[in-house]
Amino acid sequence: MKNSIGVYGLGVMGSNLARNMANHGENVAVYNYTPDLTDQFVSRHAHSRIEAYYELEPFVRSLKSPRKIFLMVSAGAAVDSVIESLLPLLDQGDIIMDGGNSDFHDSNRRYRALKERGIHFISVGVSGGEEGALNGPALMPSGDQEAYRQVAPILEKIAAQVDGKPCCTYIGPEGSGHYVKMVHNGIEYADMQLIAEAWQFLHQIVGLSIPETAGVFKSWNESELKSNLIEITAEILSKTDQETGKPMVEVILDKAGQKGTGKWSSQEALNLGVPSTIMTESVFARFLSSLKEDRVQAESLLEGPSPSGEEMDKDYWIKQVKEALFMGKICAYAQGFQQYKTASEQYGWSLQLGDIALIFRGGCIIRADFLNHISDAYQENKDLSNLLLAPYFLEKTNRYQASLRNVVMKGFESGLPLPCLSSALAFYDGYRSARSGANLIQAQRDYFGAHGFERIDQQGTFHARWLEPETVTTSVKVNK
Ligand code: 6PG
């Protein structure tokens, strides 16, 4: 009997996805470029529905037509070389899926190149880490809709399920699935940094012990903040290091790593001209964290406020921080979804933002209860310009903005950096200001570069004669 799907790449993610498919009744062929991982897979995960291959040709020949091959290899050049090696063995109409964290520009290119050769290419954003891969990830597939229909039964079955719905839906053309995964990771970075700031505030300013902060996060996970990241934070904070007896988090070096998807997401926000400030701050915060040696030296040289020694009202501040965190999260997700909207318009993808929120409810790292409200907001108004304007979020932000302000002011007053919480507040206040300070910037640009400006009372582009000696400066209409 032929296999219904092949999984190429037997790292942890590939192995677990193959097992997930087999557990859902699919006959799966697996292959890895080097035999060591195949050996390991065979010895650890033998399964009646999985056939392991050591040669590429029989692996491909074992697949039902049209062949469906799921790549789970490192993003970048490896994906291209695997595709090159597969091409001579494939027929028109066969389907290659790429489940890695690939750059969506690469996915667009691969989609087009393969289309010319009659092969379908589906970019599949996969979220949920190794646990999700085995028990139900969130999947973000894109490419030709017709090709997606052929793989949908498998993908939708192995995805996480929430309220009877799979956390997998067709995203859009070309590499849009990897785009959606990339911004998911940008939001993930922002969310993680916001949580870290809230935690530091509770520990350093409010004076809670680490086990006490674990308890706070545990209780928050039973509130509107309920989400995977809050839940794992509570668990992390309650762990003790066996060697020292200290809380585990205290013995971990405070330098954050990254593989690049958060940075890509911010770079892409800059390219599109959208203010995804919170995720971008979170990328910079990771960079700053990695300057450990500098920070250690600077701590003894650079001055800041002295500890106030003030007795904090713990219950009051825990509530303030909770509301500030929720406010920060709302702003971060609002920015991420605004980035989806702009990308969709710019690239002609017709992304369904409500559906994206729905598939993020389960399986993925940023899964959270409040995604239901994001989905509802777009179901009610699919042209919504920003989530902050949807009724649920309006009500929340109007209620919680004062807490965010309070926490940021207290943090700043105490010398605690809160890059993402303060960025959320700056975005919120900037977004709700009908009049910004950009009129002065326009004047400066016109002064030194004759770049022109628009007036609030007349149509057209104007230039002012800034250097003429009159006290009253005239502006003249210019052709642009
Ligand atoms: C996911 C995660 C996953 C991975 C991140 C980590 O959705 O399952 O986002 O893709 O854990 O890429 O990224 P950094 O190493 O950049 O923090």
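**Figure 1. Strands β2 and β3 of the predicted model pair in parallel.** The close-up shows strand β2, residues 28-31, beside strand β3, residues 50-53. Four bridges join the two strands. Within the pair, V30 stands opposite A52 in β3. Between the two strands the chain passes through helix α2, residues 35-45. This β-α-β crossover is right-handed. Strands of a sheet in general pair through backbone hydrogen bonds, and the pairing may be parallel or antiparallel.

**Figure 2. A cis peptide bond joins S65 and P66.** The omega angle of this bond is about -10°. P66 belongs to the loop between α3 and β4. In this view α3 covers residues 56-61 and β4 covers residues 68-71.

**Figure 3. Strand β7 is largely enclosed by the rest of the structure.** The strand spans residues 138-142, and five of its five residues are buried. A138, M140 and S142 point one way from β7, while L139 and P141 point the other way. Residues on both sides of β7 are buried. In a regular strand the side chains alternate between the two faces of the sheet. Strand β6, residues 120-127, pairs with β7 in the antiparallel sense. Five bridges make up this pairing. G125 stands opposite M140 in β7.

**Figure 4. E174 has a positive phi in the loop between β9 and α8.** Phi of E174 is near 45°, and the residue is not a glycine. The loop that holds E174 runs between β9, residues 165-166, and α8, residues 176-205. E174 counts as buried because its relative accessibility is 19%, and buried means under 20%.

**Figure 5. S350 has a positive phi in the loop between α15 and α16.** Here phi is about 50°, again in a residue other than glycine. S350 has a relative accessible area of 52%, so it counts as exposed; the cut-off for exposed is over 50%.

**Figure 6. F201 is a buried residue of helix α8.** The relative accessible area of F201 is 0%. Leaving out residues up to four places away in sequence, F201 touches V206, W317, V321, V407, K410, G411, L416 and L418. One of these, V321, is 120 residues from F201 in sequence. The C-alpha atoms of F201 and V321 are 7.9 Å apart in space.

**Figure 7. Y431 is a partly exposed residue of helix α19.** The helix covers residues 419-431. Y431 has a relative accessibility of 32% and therefore counts as partly exposed. Neighbours within four places in sequence are left aside here, and the contacts of Y431 are then S385, N386, L388 and L389. D254 is 177 residues from Y431 along the chain. The C-alpha atoms of D254 and Y431 are separated by 33 Å.

**Figure 8. Three strands form an open sheet in the order β10-β11-β12.** The pairing in this sheet is antiparallel. Strands β10 and β12 are the edge strands, and each pairs on one side only. Strand β12 covers residues 475-478, and strand β11 covers residues 461-464. Four bridges join β11 to β12. At one point in this pair, A464 stands opposite S475 in β12.

**Figure 9. The second largest pocket has a volume of about 350 Å³.** The pocket is lined by 14 residues, and those closest to its centre are N439, F453, E454, R455 and I456. Two elements, α20 (438-449) and β10 (453-454), each supply at least two residues of the lining. Helix α20 gives the most, with three residues. By type, the lining divides into five nonpolar, five polar and four charged residues.

Definitions and conventions:
Residues numbered from 1 in each chain as written. Predicted model: local features only at pLDDT ≥ 70, side-chain atom pairs only at ≥ 80, totals over all residues. Heavy atoms only, no water. 1 Å grid on protein atoms, 1.4 Å probe; cavity = no way out; pocket = protein on both sides within 12 Å on 5 of 7 lines; lining within 4 Å. Points joined across faces, edges and corners; volume = space filled by probe spheres on them. Nonpolar A, V, L, I, M, F, W, Y, C, P; charged D, E, K, R; others polar. Buried < 20%, exposed > 50% of the residue type's maximum accessible area, 1.4 Å probe, protein only. Contact = heavy atoms within 4.5 Å. Pairing = 2+ DSSP bridges. Right-handed = clockwise from strand over helix to strand, strands pointing away.
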